[in-house]
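Please look through the structure shown here, and then follow the questions and answers below, which take it up part by part.

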Amino acid sequence: MDRRHQPTATNSAAAHAKPLHCIVKLGGSAITCKNELETINEDNLRIVSSQLREGMISGPCHGMDWSRRPGSTEIQTVVDEFDDKLESDCKRLIVVHGAGSFGHFQASKSGVHKGGLSRPLVKSGFVATRISVTTLNLEIVRALAKEGLPSIGMSPFSCGWSTCERNIAVADTSTVVKALDAGFVPILHGDAVLDTSQGCTILSGDVIIRHLAEQLRPAYVVFLTDVFGVYDRPPTEPEAVLLREITVHEDGSWSVLQPKLQDANSQVEISVAAHDTTGGMVTKISEAAVIAKLGIDVYIVKAATEHSARALKGQLPENIPDDWLGTVIRLAK
């Protein structure tokens, strides 16, 4: 068995959790401007937050960001205006976001992912990386709370998650489950964590989602990215083909169901590896395949589009509509 997919330490409370509606991954490239240091894509984040509210909340809701924004002297929402009789129902939801233009600079310059906390540069980079990613986490929590989603920021490091040889070793999900049971929406993120073999490393959001899906079994998972889905080659190439449906088999292998491509598996693997030096899409596909093998449908779709709105609402039937753009990864029948 692949070491990274072996059972990891967790709390039995997760096994008794009520059904989880979905897990949503906000890709760092979709919610930040990746070429501009620590810059949020405000338009995308606003649209995604609105789509999450529309898909996850039934009934009227209050904005929950009561903090003073930079440049303002007042708090926009005050308790005196709160209607305590207003009732809304939020589906059980977990959001995990990537770092995008937050954290990557600090981590890469200091080599946090390679470990070595005994080195002052690495230790400083660990602190700087966490300052950056938690800053982004707070802004995402604010954006979702403004839409009425009862969001709570939760950092893997602070929750005691750790790795061994860069694979999850300890990941107690009981705090996440308690937050869900209390009616909150946990907002997790890729994080700098301690590693028992090399001192420290970076735990990616895609790996976090795979672990949460294994433990909590959501009805479906949605990856929101900056492209429409998975392509057979870099999507910037003019002849790139969107892979609409990928099926995962019991042995862990996968194949392209729609559209029919000759030697589709090898084409995708080679083309992705060639243009994605960070391993981002490779990691996304491999983790999505593990989730799909559990019988959980995974949708990879462009954020802030009508297609992402449909995916978030769970409106995609077994036969994917012709007018929907995205990639579905699911267990073979």
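Q: How many helices and strands are there in the chain?
A: The model is a predicted one, and its elements are counted along the chain. The count comes to 9 helices and 17 strands.

Q: What percentage of the residues of the chain count as buried?
A: A residue counts as buried when its relative accessible area is under 20%. When this cut-off is applied to the 333 residues of the chain, the share that counts as buried is 49%.

Q: In what order do the strands of the open sheet of 9 strands stand?
A: The pairing in this sheet is mixed, and neighbouring strands are turned by 20° against each other on average, direction ignored. Strand 5 (151-153) and strand 15 stand at the edges with a single partner strand each, so one side of each has no neighbour in the sheet.

Q: Which residue in strand 11 stands opposite valine 24?
A: Strand 1, which covers residues 22-26, pairs with strand 11 in the parallel sense, and the pairing runs over 5 bridges. Within strand 11, the residue that stands opposite valine 24 is valine 222.

Q: Which glycine in the turn between strand 14 and strand 15 has a positive phi?
A: Strand 14 and strand 15 pair in the antiparallel sense over 4 bridges, and valine 248 stands opposite tryptophan 254 in strand 15. The two strands form a hairpin with 5 residues between them. In the turn, a positive phi of about 95° belongs to glycine 252.

Q: At about what angle does helix 5 run to strand 8?
A: Helix 5 lies across two strands, namely strand 4 and strand 8 (185-189). Leucine 188 touches, among others, Ile94, Val95, Val96, His97 and Val176. The angle at which helix 5 runs to strand 8 is about 150°.

Q: Is leucine 26 buried or exposed?
A: Leucine 26 has its place in strand 1, and the unreviewed UniProt entry lists Leu26 under "binding site", together with residues including Lys25 and Gly27. Leucine 26 touches Ile31, Val48, Val95, Val96, His97, Gly98, Ile140 and Leu224, when residues up to four places away in sequence are not counted. Because its relative accessible area is 1%, leucine 26 is buried.

Q: How far apart are the end C-alpha atoms of helix 2?
A: Helix 2 covers residues 42-56, and at 1.5 Å a residue its 15 residues should span 21 Å. The value found in the model agrees with this expectation, because the end C-alpha atoms are apart by 21 Å.

Q: What distance separates the C-alpha atoms of serine 58 and aspartate 89?
A: Serine 58 lies in strand 2 (residues 57-58), and with a relative accessible area of 41% serine 58 is partly exposed. Leaving aside neighbours within four places in sequence, serine 58 is in contact with Ser88 and Asp89. Although serine 58 and aspartate 89 are 31 residues apart along the chain, their C-alpha atoms are separated by 5.3 Å.

Terms used: Residues numbered from 1 in each chain as written. Predicted model: local features only at pLDDT ≥ 70, side-chain atom pairs only at ≥ 80, totals over all residues. Heavy atoms only, no water. Contact = heavy atoms within 4.5 Å. Pairing = 2+ DSSP bridges. Axes fitted to C-alpha atoms, helices over the stretch in contact; angles between N-to-C directions. UniProt positions renumbered as here; feature names shortened; annotations may be inferred. Buried < 20%, exposed > 50% of the residue type's maximum accessible area, 1.4 Å probe, protein only. Expected span 1.5 Å × (residues − 1).
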